[in-house]
Amino acid sequence: MDPNFVQGLHHLLVQSTANDTVQLKAATAQLNREYYKHPACIPALASILASSPEQSIRQLSAVELRKRISQNSGDLWIQVSQEERNLIKTKLPEIVLSEPSKLVRHSAARVIAAIAGIEMPLGTWNELLPFLQSTCVSPQVAHREVGIYILYTVFENIVEGFENHLQNFFKLFESLLQDPESIEVRVTTVKALGTIAQYLDIDDKADIKAFQYLLPSMINVIGQCVESGDEIGARQLFDVLETLLILEIPILGPHIPQLVEFLLRCGSNRNYDNEIRVQALNALNWTIQYKRAKVQSHGLAPTLLEGLMPITTEEEPEDIDEDAPSRSALRIIDGLATNLPPNQVFPALRQLIQQYFSSADPNQRRGAMLALGVSVEGCSEFMTPLMGQVWPVVEAGLRDQDASVRKASCIAVSCLCEWLEEECTAKHATLIPTIMQLVNDPATQRTACTALDALLEVSHNVIEQYLPLIMERLAGLLETAPIAVKSVIIGAIGSAAHASRDRFLPYFQPTMERLQHFLILTGEGEEQELRGITMDAVGTFAEAVGKDVFRPYFSDMMKQAFEGMQLGSARLRECSFLFFGVMAKVFEDEFAPYLPNVVPALVQSLEQNEQGDETASLSSNPETVAAFASGSTPATAIKIEEGVNGEIDIEDLSYDLDKLLDVNSTICIEKEIAADTIGVLMNATRHHFLPYIEKCTVELVGQLPHYYDGIRKSATDSLLEIVRTFYELSGGSDWQPGAANVGYLDPRVKELIGHILPPLLDMYESEDNKKVVAGLCIGLAETINKVGPAFLNGKAEQLANIAMQVLDQKAVCQQDPDQDETDEAPEDTAEYDSILISSAGDLVASLANALGPDFSQAFPTFFALIAKYYKKNRSLSDRSSAIGCLAEIIAGMKSAVTPHTEALLDLFYRALSDPESEVQTNAAFAAGLLVEHSEMDLSPQYLHLLAALRPLFAVTPDSPSGRFNARDNAVGAVARLIARNTAAVPLDQVLPVFFDALPLKHDFLENRPVFKAIFHLFATQPQVLSPYLDKLLQVFAYVLDPSGPDQVGDEVRAELIRLIALINSEQPAKVQAAGLTAFL
């Protein structure tokens, strides 16, 4: 080794540690140019690591040595002579053991790991393993600490070659987890086990069993860190735990109850530092998310809720972005509600809410209201029949003497409005005046405006009586409120416009004048948010008042949106994209001139790298992916290498990484909106968008593997929207069902489908997010129904398999690695799961629609899968969607359903007696379609069917809307019976009830079979209608009323007018009295 080379290198390393930037740059440039390209730098750096008296130089040499060894797959290392390589491999372990600095020891250990990564797969460093094993059991504690750390870093780089030794390592780790002298040994052992776990395969049964045996000891070590206040160690080990939770192997299953109890105990203990508590609670949230089958099967929800509720009563920080145990606890309650069956969550939670709300402590009352709010999303269907008991608590909360309870109650109202629209609208007379009072109170102003925003959003039918007061009050507040409150006030005004539509016209111009100056704000933070929300509201105004009224503002508002995009804010770009989508929907062809500027901006957004160049490697880290997707894990799950000078420890980066993930999340949301807007623009601007289809399609397909589920879903939706719209633009004609009927498709549409469908099917194969899969199923169903069997060409089986897997609960997104393969999927499921099942039903129905009689072969399989969702213990959504899906399948198959008539009818009889109107509605529709299409003579069943339908006609004026829907569908079903076989219907008993239920006022689609039956009776047995003529003429006048919505369609309308003309020729006075002469 040339001593001058070593001396020169040492000198430059010293120079590069100086504080002088000029010296640093010069030294770095010289090192890269004259030293780091030569193999000789490796033994030279090793020599400096062994001999330099300065710790900072030893540290820097270790960092640079690792880099040189690792670069280009070890190319430089291989160029070093065998003799020097052997010397380095011999000396390095000795150097590490004798090094006094922990930081240098760790960096040198990583050098050993880098060499091991090259040499061990080649079998050229057999001495390393025995050295590590002997060091790990050394009587000297410092040696054990070094030995396990080297082993840990080696595992980070390579497990290949160690597979045969894993059982020995597990025995070694069993003793190290109990090290009597060093917490560092115990902590590093847990980290090493976390690394090994990532390489285990689901078939490595013995290794998994051995790992599971060590889990209680691993959990104990985490507890020791927490108990001793070792924040760094605790944070690292919670990261390990989160890694174990997301692995697709059943490591944690047997210990989930113990783990849950431990995490809840850590999160509940107010003696621990808040950051450690938040870490524990975040890990608990992940446990519920990723191990929900075990949490469900052990019935852990009530115990969890009992432990979480006291945490919800703790003080919340002022900063909404700052995490705290109380916020983490509420996030877990939300997770329980959305991941578990509501009957495991809400009954226990309701008891706790009542208990806490009756407390004299306002913190307990506040916690009760917040817990109620977060539970609504996952339990809304289950809660609906219980709302009579919930509303008194909410109303008392809104009037509570404590402002924090009133604010929490406003938050609960916001959540209720989002998920229980009808129930909230029905309470408008109480809620709106109460919340308006809270809007006047500075202590509750902001949350009250948010609640008002949510309430107005759903108050279409009742807003008129409140609009003058609301607009006057909100306009006044705009002048005086702080900026943060101004944002929520403008959001509420937007919702008022959305709900009131053209009734907003008197307020439109004055409101626009008040908002103009918010659209030119250029400050960051609150000003930026205010500008963005104002842009959103202006878009809502345009939808409310229509393009003719909004046109004078159109050009200027587009200019403001473009200027907002230039301010360097992902949030403002997101708002501009949303605004472009709204303007395109409102102005359609008139938006086309803006496409050359808008579309490139959307594409540019999708092309940006949300991590930035310096952190691009994070995207390939599975922990990052999972952390980002959930938003509930600390950023320190990401492994970070040493800094340039090797002096930055992993823990120092945690806050920077949190900030980085926040930045990433805003950019990802921007990209999600950009992807969604492309589909909106295609649909709205039609042929004007054609020049951009190819570029947008390529970009959207490129987003399908993205780690953020929102982007995958938006890209999926827009790609399928592009297919549907392009098909319409190609002159897509009416197609005939049948697998062989594929020749009608324009070649360009066929080519587009060929580019889009295969990557969507590929995405499904590994898609683990239920919302994305549900969106894919719904989008595919809409596209198949639009494009027809040609869309299925060669892919029908793959598409059918998607629906089959979801209905059988075997899709990737429905899997839990800790659930035994032999276990049946539980029948009690979370409400979100019902949305997924319903979407798969939509896909099946679309296949039946496109294939028609060719669906017959698949029907028995799908019937068995769908029918199992109609059981008494299934949720309302499951029961309703199962019957609705079968109805749509019958509509698609038509007469081909005949062989299955009896099995279907038996199921529909049961569904007609279901206690829920929604199920009865679908059952009446399905039974009617079966009678209409089956070739089996069902006349012997008519009296049974009529008896089963009869209770659905018993509706009072104050009945909920669901009962009216059920009656309308029962009317449609009776109409189908009459049209199919009039002789089998006892008309004298049926017609009085039948006509008394007319006109239909809820489900106008059922007017088609109703009028088909009426026309049939007029043509075949006009005498039976004579007693009902006056009633029928009133019905005719109602459905033909030009001031109302179209209720019958062109074909029925034309035939109805011909019938009126015929009646007029015989009884003109009656026609005139009914006001029908104008239609003749």
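Author: A salt bridge here is a side-chain nitrogen of Lys or Arg within 4 Å of a carboxyl oxygen of Asp or Glu. This is a predicted model, where local features need pLDDT of at least 70, side-chain atom pairs count only at pLDDT 80 or more, and totals for chains, interfaces and linings use all residues. Residues are numbered from 1 along each chain as its sequence is written, and side-chain values use heavy atoms, with hydrogens and water left out.

Reader: How many salt bridges does the structure hold?
Author: There are 47.

Reader: OK, what does Lys-1070 form a salt bridge with?
Author: Its partner is Asp-1030, with the closest N and O atoms 3.4 Å apart. Lys-1070 lies in helix α50 (residues 1068–1073) and Asp-1030 in helix α48 (residues 1029–1040), so the pair ties together parts 40 residues apart in sequence. Helices (H or I, at least four residues) are DSSP runs, numbered from the N terminus.

Reader: Different spot. Where are Lys-89 and Glu-119?
Author: Lys-89 is in helix α5 (residues 82–98) and Glu-119 in helix α6 (residues 102–119), 30 residues apart. Their side chains meet in a salt bridge of 2.9 Å, N to O. Lys-89 is buried, and so is Glu-119.

Reader: And which residues are linked in a network?
Author: Salt bridges link Lys-547, Asp-548, Arg-551 and Glu-590 in a network.

Terms used. Helix = DSSP H or I, 4+ residues; strand = E, 2+ residues; numbered from the N terminus. Buried < 20%, exposed > 50% of the residue type's maximum accessible area, 1.4 Å probe, protein only.
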